[in-house]
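Biologist: I'd like to learn how to read a model like this one. Could you walk me through it?

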Amino acid sequence: MEVRWYVLLVVVATAVVTFIPRVVPLMVLSRFELPGWAMRWLNYVPIAVMAALIGQELFIHDGSIPPLSQNLELWAAVPSFIIAVLTRSILGTVLSGVVVLMVLRHFL
């Protein structure tokens, strides 16, 4: 199999571009001790990112906000959220969301 140089260059460049934003902050921040308020603030970053990703998927479809009665993803998220709170199981949460969404799409 022949490897074209520009394809290899694109793969290497993509790896470098992915590597830099992950490693550079880690290297820089490992030399400093962050104050307590900064560590508490950083604890909320994953939650905020996840909420932004989920919120966008639940509330916006094709660039607009659909009516509540037609938003099947939002209706499927309700039992998934309840199962997540009760069981704290990622697998159970994901499976319940997928099954409920499949049932809703089949019948509605």
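Modeller: Let's go from the whole chain down to single residues. First, this is a predicted model, so local features need pLDDT of at least 70 and side-chain atom pairs count only at pLDDT 80 or more, while totals for chains, interfaces and linings use all residues. Residues are numbered from 1 along each chain as its sequence is written, and side-chain values use heavy atoms, with hydrogens and water left out.

Biologist: Which secondary structure does the chain have?

Modeller: Helices (H or I, at least four residues) and strands (E, at least two) are DSSP runs, numbered from the N terminus. Here you get five helices and zero strands, in the order α-α-α-α-α. The radius of gyration is 21 Å, well over the 13 Å that the globule rule gives for 108 residues, so the chain is more spread out than a compact globule. That radius is taken over C-alpha atoms, and the rule is 2.2 Å times the number of residues to the power 0.38. Along the principal axes, the C-alpha atoms fill a box of roughly 50 × 50 × 30 Å.

Biologist: How many of the residues count as buried?

Modeller: Buried means under 20% relative accessible area, exposed over 50%, and partly exposed in between (1.4 Å probe, protein chains only). Of the 108 residues, 12% count as buried. Gly97, in helix 5 (residues 90-107), is one case: its relative accessibility is 15%, which is why Gly97 counts as buried.

Biologist: What does Gly97 touch?

Modeller: A contact means heavy atoms within 4.5 Å. Leaving out residues up to four places away in sequence, Gly97 touches Ala76 and Ser80.

Biologist: And Phe59, buried or partly exposed?

Modeller: Phe59 has 41% relative accessibility, so it counts as partly exposed.

Biologist: Which residues form the nonpolar patch on the surface?

Modeller: Patches take residues with over 30% relative accessible area and no salt bridge, joining like charges within 9 Å and nonpolar side chains (Val, Leu, Ile, Met, Phe, Trp, Tyr) within 5 Å. A salt bridge is a side-chain nitrogen of Lys or Arg within 4 Å of a carboxyl oxygen of Asp or Glu. The patch here includes Trp5, Val12, Phe19 and Phe32, and its members have about 1,100 Å² of accessible area together. Areas come from the Shrake-Rupley method with a 1.4 Å probe; for residues, only the protein chains shown count as cover. Val12 sits in helix 1 (residues 5-29).
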